[in-house]
Amino acid sequence: MKISTKHGFAFLCMPKCASTSVETAIRKYCNVHFWGYPALKHIDAKDFHRYILAFHRKALPKVSIETFCIMREPIEWLHSWYKYRSRDELKEAAHPFRRNYTGDISFNQFVDSYLAGDDAPSYAKVGSQAEFVRLEDGTIGVDRIFRLERMEQVSEYLTEKVGEEITFSHRN
């Protein structure tokens, strides 16, 4: 997650949705950075509102922050998770996340496991894009949601916010 109090935006980094590319492009415009450990980098709307925005409103009550994130077409999003968890390094028995390896199952098996919800095996517990943007009361907790397929809109939005052209390079 990245926040720019100067330019009035917060980027909530949804996993598997170009977050590394966007973070790299906006890094110099942001004065708050949560990165590294996935639980920090990928703070969802609930936690952002509960902890980060609540603190921000106390510390800087006159500075408004507009939140945005990027979502991916759901099947493509699941396929990205499947591919990510089928990488060779996870195949090693000694790898701490070996339990998430999907290289020995089909994508259809992965989707079936994902649809099992709470009963899903660990490799299929990847969260939900809908839950990522939802607040406790079920409302949407992100001001702007962009489609991954329309990164030019994200570029236009950020260019307007910071007053300089923002472009993205493919990172992962």
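**View 1. Asn100 in the loop between α5 (88-91) and α6 (107-114)**. Asn100 sits in the loop that links these helices; helices (H or I, at least four residues) and strands (E, at least two) are DSSP runs, numbered from the N terminus. The model is predicted: local features need pLDDT of at least 70 and side-chain atom pairs count only at pLDDT 80 or more, while totals for chains, interfaces and linings use all residues. Residues are numbered from 1 along each chain as its sequence is written, and side-chain values use heavy atoms, with hydrogens and water left out. Asn100 is buried, at a relative accessible area of 9% (buried means under 20% relative accessible area, exposed over 50%, partly exposed in between; 1.4 Å probe, protein chains only). The side chains of Asn100 and Ser122 make a polar contact (3.4 Å); such a contact is a pair of N or O atoms within 3.5 Å, where within protein one must be able to donate a hydrogen and the other to accept it, and residues adjacent in sequence count only if both atoms are side-chain atoms. Not counting residues up to four places away in sequence, Asn100 touches Arg85, Leu90, Ser122 and Tyr123 (contact: heavy atoms within 4.5 Å).

**View 2. The open sheet of five strands**. The strand order is β3-β1-β2-β4-β5, with mixed pairing; two strands pair if DSSP finds at least two bridges between them. β3 (32-33) and β5 (144-147) are the edge strands, each with a single partner, so one side of each has no neighbour in the sheet. β2 and β4 pair in the parallel sense over three bridges. Phe9 has Glu66 of β4 as its bridge partner.

**View 3. Helix α1 against the sheet**. α1 lies across β1 (2-4), β2 and β4, and runs at about 145 degrees to β2 (axes are lines fitted to C-alpha atoms, for helices over the stretch in contact, and angles run from 0 to 180 degrees between N-to-C directions). Seven of the eight residues of α1 are buried, so the helix is largely enclosed by the rest of the structure. The buried residues are Ser19, Thr20, Ser21, Val22, Glu23, Ala25 and Ile26. Their cover includes β1, β2, α2 (38-41), β4 and α8.

**View 4. The largest nonpolar core**. This core has 47 residues, and Phe48, Phe68, Ile70, Phe110 and Leu158 have the most contacts inside it; a nonpolar core is a set of buried Ala, Val, Leu, Ile, Met, Phe, Trp, Tyr and Cys residues joined through side-chain atoms within 4.5 Å. The largest share, five residues, comes from α8. Leu158 touches Phe9, Val22, Ile26, Phe68, Gly163, Ile166 and Phe168, not counting residues up to four places away in sequence.
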